[in-house]
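Welcome, and thanks for taking a look at this one.

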Amino acid sequence: MGYKNNNTGFRDGLLETRSMIKKNNYAILTHDGLVNNLIPGFENTRISILGSPRMGASFSDFIAEFEEGGKNILGFGGPGIETFVYVIKGALIVSDDNGKSDQLASGGYAFFPVNEKMYFENGQKETTEAFLYQRAYEPLAGHQAHKVIGDKDAVTPIAYEGMEDALLWNLLPTDDLGFDMNFHILSFQPGASHGYIETHYQEHGAYLLSGKGMYNLDNNWYPVEKGDYIFMAAYTPQAAYATDRTEPLAYVYSKDANRNPGV
C-alpha cells in the first residue's frame, strides 16, 4: 500500500514488501511503498524522492504526479546542476529561464544543461506523471552540453547487444563529450534478457515503465514490475529477465558517461 497507488488504511494481511536497500550497492523501491514528499517549488504535485546521495547515488531521482494546476515556478535544478525529465503519461509544459516553453506528451523528454533551471506546468486537467533527474555536472575543458527536447517515438531503437527482442533507445547524444551522462530506454520482449551479467563502472537509476521481470543485483535475483525503481551503484553486477506474458519489461534509466574516473 502507499500514496502512489492510492491504497490507504490497514492491510488485510501481514505488513510485507519487495523493497530491498543495500546502501552504496543497490536498491529496489516498490511502487506500493513510496511516500509523498514536500519539495520546495512544487505545487499541486505529489512527488516522491527515489535515488539520492543518501542511498549512495551521485544524482537524485523523483517520480512526480502533477495534478490539475500542478507546477513548479521556482525552478528545478540550479547552479552547477543539470536536469532531465521524462513524461510517463500526460502533458507537461517545460520552460526555461528565458520563458521558452515546450509541451511534452507521453514519451516526451527534456534535458537542460548546467545552470539552466527547468520550470514545469501540467498541460492538462488530468494528472501528468513524470520522472525527474538532477545531477552535479562534471565539466570537461573545450566541451559543453546543450539543451535537448525530444520524443521517444522519434528515436530509432537499436538491437541491444545484437538481440532483436531487446531494444535500446538513446535519448541523448552518445558521442558528444559535452554530456557527462546519458538517458536510455531498454525494453525486453517477454522471455528476453540481458546477454550476460553486466559489471561496470557506471551507476544507474532506473524507473520501470512496463512489464514484469526478475532482476539480478549483486548476484541476488528479485522480482520487479511496472512502477518500481532500481538503483545500481558502480560495479554492482546486474541483469534482467522479462517474465510478463503480454508486455515488455521496459525502463528509463540514467548512466554517467564520457569522463575519466581519475585516480
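A nonpolar core, as the term is used here, is a set of buried Ala, Val, Leu, Ile, Met, Phe, Trp, Tyr and Cys residues that are joined through side-chain atoms within 4.5 Å. Please keep in mind that this is a predicted model. With that in hand, let's start from the overall picture and then visit a few residues.

**Overall build**

- The protein chain has zero helices and 20 strands.
- Its radius of gyration is 18 Å, close to the 18 Å that the globule rule gives for 263 residues, so the chain is as compact as a globular protein of that length.
- Taken along the principal axes, the C-alpha atoms of the protein chain fill a box of roughly 50 × 50 × 35 Å.
- Among contacts between residues at least 6 apart in sequence, 68% join residues at least 24 apart.

**Surface and charge**

- Of the 263 residues in the protein chain, 51% are buried.
- The protein chain exposes about 12500 Å², and carbon and sulfur atoms supply 50% of that area.
- There are 20 positive and 33 negative side chains, and the centres of the two sets lie 5 Å apart.

**The nonpolar cores**

- Which members of the largest nonpolar core touch the most other members? They are Phe84, Tyr86, Leu171 and Val252, out of 30 residues in this core.
- Several strands supply at least two residues each to this core, including S2 (26-29), S4 (59-76), S5 (81-89) and S10 (128-136). Strand S14 gives the most, with three residues.
- Apart from this core lies another one, of 21 residues, and Ala166, Ala192, Ala206 and Leu249 are among them.
- Not counting residues up to four places away in sequence, phenylalanine 84 touches Phe76, Tyr109, Ala110, Phe111, Met118, Phe131, Leu132, Tyr133, Leu171, Leu172 and Phe183.

- Is tyrosine 229 buried or exposed? Tyrosine 229, found in strand S18, counts as buried because its relative accessibility is 0%, and buried means under 20%.
- Leaving aside neighbours within four places in sequence, the residues in contact with tyrosine 229 include Ala27, Ile28, Leu29, Phe59, Phe131 and Ala206.
- Tyrosine 229 and asparagine 115 are 114 residues apart in sequence, and their C-alpha atoms are 27 Å apart in space.
- Glutamate 121 lies in strand S9 (residues 118-122) and is partly exposed, with a relative accessible area of 43%.
- Glutamate 121 touches Gly70, Lys71, Ala91, Leu92 and Ile93, again not counting residues up to four places away in sequence.

**Two residues with positive phi**

- Most residues other than glycine have a negative phi.
- Aspartate 218 has a positive phi, near 55 degrees. Its place is in the loop between strand S16 (212-217) and strand S17 (220-225), and it is partly exposed, with a relative accessible area of 32%.
- Asparagine 258 also has a positive phi, near 65 degrees. This asparagine lies in the segment after strand S20 (249-256) and counts as partly exposed at 29% relative accessibility.

Note on methods: Residues numbered from 1 in each chain as written. Predicted model: local features only at pLDDT ≥ 70, side-chain atom pairs only at ≥ 80, totals over all residues. Heavy atoms only, no water. Buried < 20%, exposed > 50% of the residue type's maximum accessible area, 1.4 Å probe, protein only. Helix = DSSP H or I, 4+ residues; strand = E, 2+ residues; numbered from the N terminus. Contact = heavy atoms within 4.5 Å. Rg over C-alpha atoms; globule rule 2.2 N^0.38 Å. Areas by Shrake-Rupley, 256 points an atom, 1.4 Å probe, with all protein chains shown as cover. Lys, Arg positive; Asp, Glu negative; His and termini not counted. Charge placed at Lys NZ, Arg CZ, Asp CG, Glu CD.
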